[in-house]
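Thanks for making the time, everyone.

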Amino acid sequence: MPPKITLPIFSNPRSNLPNQFLLFCTGFKNKADILAALRQREYSRMADALETACDNETRPAKRLVAIATAYLQFAVQHPHAYRVMYEVDQQDSHSYPELMTQIERSGAPLRKIVEEGVASGAMHG
């Protein structure tokens with residue numbers, strides 16, 4: 001069962017602010033938009049970390065180790081971001097092109113390493 005994501009300001013009965021007003025003030029149409037924006041930001045941060053790790057090595061095997069290390073470090077250092085990225089099942093993710101761009105970007109360094117490794121003969125696939 002996916003974890004429940006709550007937004008305290010929306011669920012606080014003492015806030016005395018209607019949800020529609022809060023959504024209007026944030027510029028989002030609904031909670032799904034907020035979640036998509038949050039996931040987009042975290043995928044972008046992870047992509048930055050993976051791209052940096054990938055750029056710091058030249059040999060495919062070392063790049064693979066560097067990217068795996070960066071991925072694990074991100075997960076350990078940002079556990080809440082990791083949960084939002086991978087444990088939340090946002091059914092309408094494809095409705096958010098910017099989110100999909102960052103998801104694709106976060107996987108690109110690994111794909112690039114494997115493609116280059118296979119092309120150079122350093123990896124077999």
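Y86 is partly exposed, because its relative accessibility is 37%, where partly exposed lies between buried, under 20% relative accessible area, and exposed, over 50%, with a 1.4 Å probe and protein chains only. Please keep in mind that this is a predicted model, in which local features need pLDDT of at least 70 and side-chain atom pairs count only at pLDDT 80 or more, while totals for chains, interfaces and linings use all residues. Residues are numbered from 1 along each chain as its sequence is written, and side-chain values use heavy atoms, with hydrogens and water left out.

The rings of Y82 and Y86 form a tilted pair, with centres 4.8 Å apart and planes at 50°; rings of Phe, Tyr and Trp (its six-membered ring) pair if their centres lie within 6.5 Å, and planes under 30 degrees apart count as stacked, over 60 as edge-to-face and the rest as tilted. Y82 and Y86 sit four residues apart in helix 5, so about one helical turn separates them, and Y82 is partly exposed at a relative accessible area of 25%. Helices here are DSSP runs of H or I with at least four residues, strands are runs of E with at least two, and both are numbered from the N terminus.

Ring pairs join Y43, Y71, Y82 and Y86 into a cluster.

Let me turn to helix 4. Helix 4 covers residues 60-77, which is 18 residues, and spans 25 Å from its first C-alpha to its last, close to the 26 Å expected at 1.5 Å a residue, where the expected span is 1.5 Å times one less than the number of residues. Its buried residues are P60, R63, A66, I67, A70, F74 and A75. Viewed down the axis of helix 4, these buried residues fall within an arc of 170°, so they line one face of the helix; the arc is taken from the directions from the helix axis to the C-beta atoms. On the other side of helix 4, V65, L72 and V76 are exposed.

What do the buried residues of helix 4 pack against? They pack against helix 3, helix 5 and helix 6 (97-120), with contact meaning heavy atoms within 4.5 Å. Leaving out residues up to four places away in sequence, F74 touches E42, R45, M46, A81 and M85.

To finish with the whole chain, it has six helices and zero strands, and buried residues make up 30% of its 125 residues.
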